Amino acid sequence: MLRFSTLLLLLTLSSLSRAELVIEITRGADDALPIAVVPFSGTQASDNIGSIIKADLERSGRFRALPDNQLPAQPDSSTGLNYAQWQSIGTNHLVVGSSKATADGRYEIRFELLSLDRKTRLLGEALTVPVSQWRDAAHFAADRIFEALTGARGIFATKILYVNQYPHNGKVRYRLELADADGFRPLSILDSPEPILSPGWSPDGRKVAYVSFESGRPAIYTQNIATQQRTRIASFSGLNGAPTWSPDGGRMALTLSRDGNPEIYIMDVATQALTRVTNHAAIDTEPRWMPDGKSLVFTSDRGGTAQIYKVSLDDLKVKRLTFEGNFNGRADVSPDGRYLALVNRQRGQQYQIAVQDMNTGVMNVLTQTPLDESPSFAPNGLSLVYASRKGKYGELGIVSLDGRTQVRLPARLGEVREPAWSPYLRP
Amino acid sequence: MNLSKFNVIAAAILSMGLAACTTTKAPEANGAAASAVVQQSDADRAAAEAAAKAKADAARTAAAAEAARLQSQSLNSAQSDAATRANDLAASLGMKTFYFGYDDANLQSDVINSLKAHAFYLSNNSGARVQVNGHADERGTREYNMALGERRAKAVAAFLTGNGARASQLEVVSYGEEKPAVAGEGEESWAKNRRVELDYTAGNP
């Protein structure tokens, strides 16, 4: 008898069926693990759960899924599975499952991950969700499968925040949106005729911070995603930019030029009290926290070109971190604190996403397109989302930390930019 | 002359436009907002356009006044080259966009005469107000470009105050790379986007 653990997803975001971003896998790792994902049986509220799981796993670059027409059978559970039938397909792992409408209008989704060579079940779980969480359930299952097979936590149930610039009645408008990590279910949380930039997440995933020009001048706002409640936290004279929450959520690093030129400050979120961190006539901006909350990395042109520096919050001592190339800017720090992702320009006039190992100082350029920017680590640190440009239009890209897997996410309307990958979100 | 009167009128028209703009601004959404999106309506933009039109009208009026003033000044002058100088000044004041090199905030030599004319105008028209808007091209990172745009705007503002304008007449705003003058990649586009624009909000010459 199988025992299923029952889970309930508690996400509150509303569901939209149209995909704002289009996924296109441009490069996959050649050592991807083969896997078979059978379309789920039973009532499907929208896209088949199995198809969503399969697309998630393939998009990670770590898996190569067997095409549906090469599946030797369509089982929906391990009960009575004919293992012999699956011996010749060249994969060791099989995902099966089913969906059933419940009496109260929800869906019970069961999924299993099976090892074909060992003839054992690695995972067997069930979730009951309302129709609004149909895709959440599939992403949750994909996360569980990814973790069971790779040892790393999956990021399919996370979200990406980004800015969409779109045409409206002959004018340009700006939207702040969040979408699932696969580009589906975009949700606009701010819509403005003036630019929006530098969006970022609070560490608990409940709030976002961003810069908006809606008053005609830059100001920093925070906004609760669920309640829409907004707070203007900085509208000083001059620049108000680059907000970024501390890992504990209690502080916000930001850039202000109220004292003459762009400097980095830390704001206590509760009291809005400011502490100045940098003091230099050069540009200091784009702060990001180290995971321990004890230092910041930031962009400065104090050495003549823009480079990444680190400042310790104990003694405010500044240390230069990047030396390769004549522009290094807008760093993001990997969740384990080991890697810096940044925008790097070598002599060839190209702005590309690069990753620098902070232990060795070695820099690895990950992207090949000429105007890439705004790298943001996935919460498991295995990949980055970034902004790129295809012809006249901005689009998003996802690249694995080793550069071997690339995915494009073009917008259906207008252009998209400034992606920020969410932290892990509750269930 | 009665230029100051025109400036007062211009300021009045402008402030009406601005008032319309601010009163139609959608209030910030609060926790009770039923809407899924915090929407800033097109009314904002319509109001801004109305303000811009009022500003343009005011600018034309003020420009006519300035031309009249300069002309009468030159007629009253015994010096034969006064009219030429007035024409030069008017032409210099017509230049309101100033371009910069890549990742650079140094003023180019060909903009100095025009900036001096603006400084002279501002020093002689204490009611005039100008927003000094700094911009960057799309290359590099956005917040760095925001800082770079500010550095350029401040270079222009410093030159204006160094040549007679009062600091209280100037407001520096950087838009970074968010409001390009022209779309598209390539040095031709980028060169047009690395700029500072003088936007007179009162007493447009």
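Let's start with a strand pair: S24(A) and strand S25 of chain A, residues 339-345, run antiparallel and share five bridges. Two strands pair if DSSP finds at least two bridges between them. Strands themselves are DSSP runs (E, at least two residues), numbered from the N terminus. Within this pair, A:Val333 sits opposite A:Leu340 in S25(A).

A word on the source. This is a predicted model, where local features need pLDDT of at least 70, side-chain atom pairs count only at pLDDT 80 or more, and totals for chains, interfaces and linings use all residues. Residues are numbered from 1 along each chain as its sequence is written, chains are lettered from A and ligands numbered from 1 in written order, and side-chain values use heavy atoms, with hydrogens and water left out.

Next, one residue. A:Ser300 belongs to strand S21 of chain A, residues 295-300. Is A:Ser300 buried or exposed? Buried: its relative accessible area is 0%, and the cut-off for buried is under 20% with a 1.4 Å probe, protein chains only.

What does A:Ser300 touch? Leaving out residues up to four places away in sequence, its contacts include A:Ala282, A:Asp284, A:Thr305 and A:Tyr309. Contact means heavy atoms within 4.5 Å.

That's it. Thanks.

Definitions and conventions
Helices (H or I, at least four residues) and strands (E, at least two) are DSSP runs, numbered from the N terminus. Buried means under 20% relative accessible area, exposed over 50%, partly exposed in between (1.4 Å probe, protein chains only).
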